[in-house]
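Let's explore this protein together, one question at a time. Take a look at the sequence and the structure first.

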Amino acid sequence: MDINDFLAGFSVVAEPRNLLYCLIGVLIGMLIGVLPGLGPAATIAILLPIVYGTEPVSAIIMLAGIFYGAQYGGTITSVLLRLPGEASTVVTVFDGFALAKQGKAGTALGIAAIGSFIGATVSIIGLTLLAPVVAGYALDFGPPEMAALALLGVLLVSTIGSGHMVKALIAAGIGMLLATVGRDSFSGAERFTFGSLQLTDGIDFVVVAMGLFGVGEILYNLEERHGKVHSPAKVGNVWPSRSELKESSGAIARGSGIGFFLGVLPGGGAVMSSLAAYAAEKRISKTPEKFGRGAIQGVAAPESANNAAATSSFIPLLTLGIPANASMAILFGALLILGVTPGPQLVDENPELFWGVINSMYIGNIILLLLSIPLVGIFVKILRIRPAILAPITVLITVLGVYTINNSTFDIFVMIFFGAIGYLMKKLGFEPGPMVLAFVLGAIVESNIRRSLIIFGGDPTGFVTRPISGTIIVLLVVVALSPFISKTIRRRTARREE
């Protein structure tokens, strides 16, 4: 790590414009986290057209702020309404709402805010130290290694992410198929365009993301919340006592560590990290029966983990150019839109952006800590706004945003089509995340496999004989077979017990 570049990153963040974008990003993130259903992926997708013409550093600082800021905001509805504002705060519902019913909603929110800050800070320090090291090793990655790593990313998201594995694999397969639409970059042949000139250059990632996450999520949540009235629990003192801080300190430390390591893995992310941290805390607790009934550790661990994971998921994005989850996939698209190619060369070629974005997270998390507790009362009032009022405004912004990308009405129809697909996917239990991630990674997989085969003279065994790509392929096989191996072990264990 070049200490001069690292320190220069703080001077980039200290610019008034970048500080303002950081503040706007975390505020929007908190607001989106409070409003159940929309989520950071949808918000970033909707705001992508706005980043056109914006300075890349400022734009990414704002979009990153939205992503990790949403982890804070989602806690508020989980505790007060038993309604997760963000997928990663689902676990917080178990003990957070139980504490709220006991009149300790303020304590739960205070512990969540402190745990979130510590988890995120630990992860940012890890990101600062580890990202340049990973980028250095990543310089050894050629087309075979990139192809294997991207394919592993798709598989990990499908097999260890949230939701049904088979449905996730189907969604990922569709995403990879959509990535092939358009002109073949190697031969120039048109694929799956059906004679449409608009599809010659492929399907625009921004349009797909805004349709699946923006329109699709809005339609689904309008239906889910139609006619339901939610009254938030009352919030008392939000500052936890010394005994409560002491009681939750171990859970915060363990959750931060779990979140950091799982966040780096493709398919891990904030959701899986919060689940793993909660399960680990319940397992080592001397009083596991308290979990689900108002255990303070049941709030501290998952909140620390999901914020740590949200930060550490930037490591594979910035250093390898591999997005670890759906939100990172959309940030990947934003970087490309701004003319920045994430990958091993980013640290050396664009240190201002690399360190500016990382160091903005230190500032952003301090802002979040300072705002999260005092603004609870305002967010409680926002929760009373009916979705029927917010949804049309959001859809209008989405339509205008899509049109401004290429000034094309065709893009609007494509977005509406994918909005309907996104709605149906949610209704049928398919998560759109694997589809979007596979859509991004599909082009990386295809182009690098074909480049590799040219290098190997058409011999596919070259993937296995190279040390790094061979190791990744072994991991890929292990991940692919792990569900079947675990099922076999369970069956044998059940037979022995019988």
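Q: In which helix is Lys487 found?

A: This is a predicted model, where local features need pLDDT of at least 70, side-chain atom pairs count only at pLDDT 80 or more, and totals for chains, interfaces and linings use all residues. Residues are numbered from 1 along each chain as its sequence is written, and side-chain values use heavy atoms, with hydrogens and water left out. Helices here are DSSP runs (H or I, at least four residues), as strands are (E, at least two), numbered from the N terminus. Residues 467–497 form the helix that holds Lys487, namely α22.

Q: Is Ser58 buried or exposed?

A: Ser58 is found in helix α4. Buried means under 20% relative accessible area, exposed over 50% and partly exposed in between (1.4 Å probe, protein chains only). Because its relative accessibility is 1%, Ser58 counts as buried.

Q: Which residue forms a salt bridge with Arg191?

A: A salt bridge needs a side-chain nitrogen of Lys or Arg within 4 Å of a carboxyl oxygen of Asp or Glu. Here the closest N and O atoms are 2.5 Å apart, and the partner of Arg191 is Glu446.

Q: What separates Arg450 and Glu446 along helix α20?

A: These two side chains also form a salt bridge, Arg450 with Glu446, with the closest N and O atoms 3.2 Å apart. Because Arg450 and Glu446 are four residues apart in helix α20, their separation is about one helical turn.
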